[in-house]
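Here are a few notes to read alongside the model. Have a look at it first, then work through the points.

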Amino acid sequence: MQIPYELILGWRYTRAGRSTRRNGFISFISGVSMLGIALGVGALIIVLSVMNGFQKEVRDRMLGVVSHIEIYAQGGAALPDLNRTLAEVRANPAVIGAAPFIAAQALLARGDDMKGAMVRGIDPALEPSVTDLAGELKNTVLKRLVSGGFGVVLGVDLARSLGVREGDVITLIAPSGQVTPAGVVPRLKQMTVVGTFSSGHYEYDSALVMLHQDDAARIFRLEGPTGVRLKLRDLHQARAVAEQLATSLSGDLLIRDWTRQNRTWFAAVQLEKRMMFIILTLIVAVAAFNLVSTLVMTVTDKRADIAILRTLGASPGSIMGIFVVQGAMVGVIGTLAGLLLGLGVAFNIDVIVPALENLLHANFLPKDIYLISRMPSDPQRSDILPVAVISLVLAFLATIYPSWRASRVNPAEALRYE
């Protein structure tokens, strides 16, 4: 099988021999363009992979504590008919777990220290069916939450900030107090710390308190649970299932899925991801269009070669094809090198980042700021393929004008002073 001479000459020009000073400079510029494309593609893949990993890590840890769907009564009151609501949600085939709960806010006091907390009253027997965290604690600290025992389970960071450990007593202060002749007096209750938990999500580790739902109902003066938490077979179907439940449930209830609970955060991550894609794509574009200067200099240097090829019968299209091949080779090699670089770093970032932290004695991800303490990475095909395609298209577009100029070289003019 005979290889077209356009490919052979294009590849030869890509290597750009260093026999002369001019050829050496052209080779250097071509190498810089190739390196720029590789670094741009690699940086784009690494950044998108880290952002995907960050979003997935935070989402998974968040869903380890919160449920896929939450159903509330109006105004924070107790559900009017808990058993009927549980029966109706369990009738949906997408629901694999349901558990009642009480949600409230309170203050926790220990000596002079006082912290705000999210209070969650749970049924220790049913809670493991709706959250992964409760499933991990099912046979340990959750067994210590008994009705009437007034025990609490604290997040590790909340317990640390209050300076308490298992067996210590803290004071829970309910926001709605008792009305007395002397005014409104807040309700106080002594609670015993029966254990702690670590979800890996700082927001919950530093603020969440779990206790038995019967104890929560007594403290906040409720007749029963204020809502029901659901776990689904497929978390990505949460919004669709929530819409189904909105039409099938009896009573005036509020339904909220996990995508709406943290809508602002997820929207911000998606916007940041799009902006980073655009910014880093401009870096790839700058590197790709460096090919224009490389090919223009090559065309100028090879005018005599072009003229000889034209006199031997090469068509303008063939001449243009030679320089398109040269530019495309630079784009292909740079893109492949960038893919190898980006994927190599993305798949090994859990090793690279700790090594850099130890070397520099720095902490890149303080967990009280970034919610997680390690650098995650999740390379996805839906991001990698567009990056490669865009890089190749930009490199190809950069070859069109210099190649067209090469095809317009007049053989007589080119050979006049040769």
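This is a predicted model: local features need pLDDT of at least 70, side-chain atom pairs count only at pLDDT 80 or more; totals for chains, interfaces and linings use all residues.

Residues are numbered from 1 along each chain as its sequence is written, and side-chain values use heavy atoms, with hydrogens and water left out.

1. The chain has 16 helices and nine strands (DSSP runs numbered from the N terminus: helices are H or I, at least four residues, and strands E, at least two). Of its 418 residues, 45% are buried, meaning under 20% relative accessible area with a 1.4 Å probe, protein chains only.

2. Take helix 11 (residues 303-311) and helix 12 (residues 316-347): their axes come within 10 Å and cross at roughly 145°. Those axes are lines fitted to C-alpha atoms over the stretch in contact, with angles from 0 to 180 degrees between N-to-C directions. Ile306, Leu309 and Arg310 of helix 11 meet Pro316, Ile319, Ile322 and Phe323 of helix 12, where contact means heavy atoms within 4.5 Å.

3. Now find helix 15 (residues 381-407), with a kink of about 30° at Ile400, shortly before Pro402. The bend is the angle between axes fitted to the seven residues ending there and the seven starting there.

4. Last, Thr226 sits in the loop between helix 7 (213-220) and strand 8 (227-232). Thr226 counts as buried because its relative accessibility is 3%. Beyond neighbours within four places in sequence, its contacts include Tyr72, Leu79 and Phe101.

How values were computed
Buried means under 20% relative accessible area, exposed over 50%, partly exposed in between (1.4 Å probe, protein chains only).
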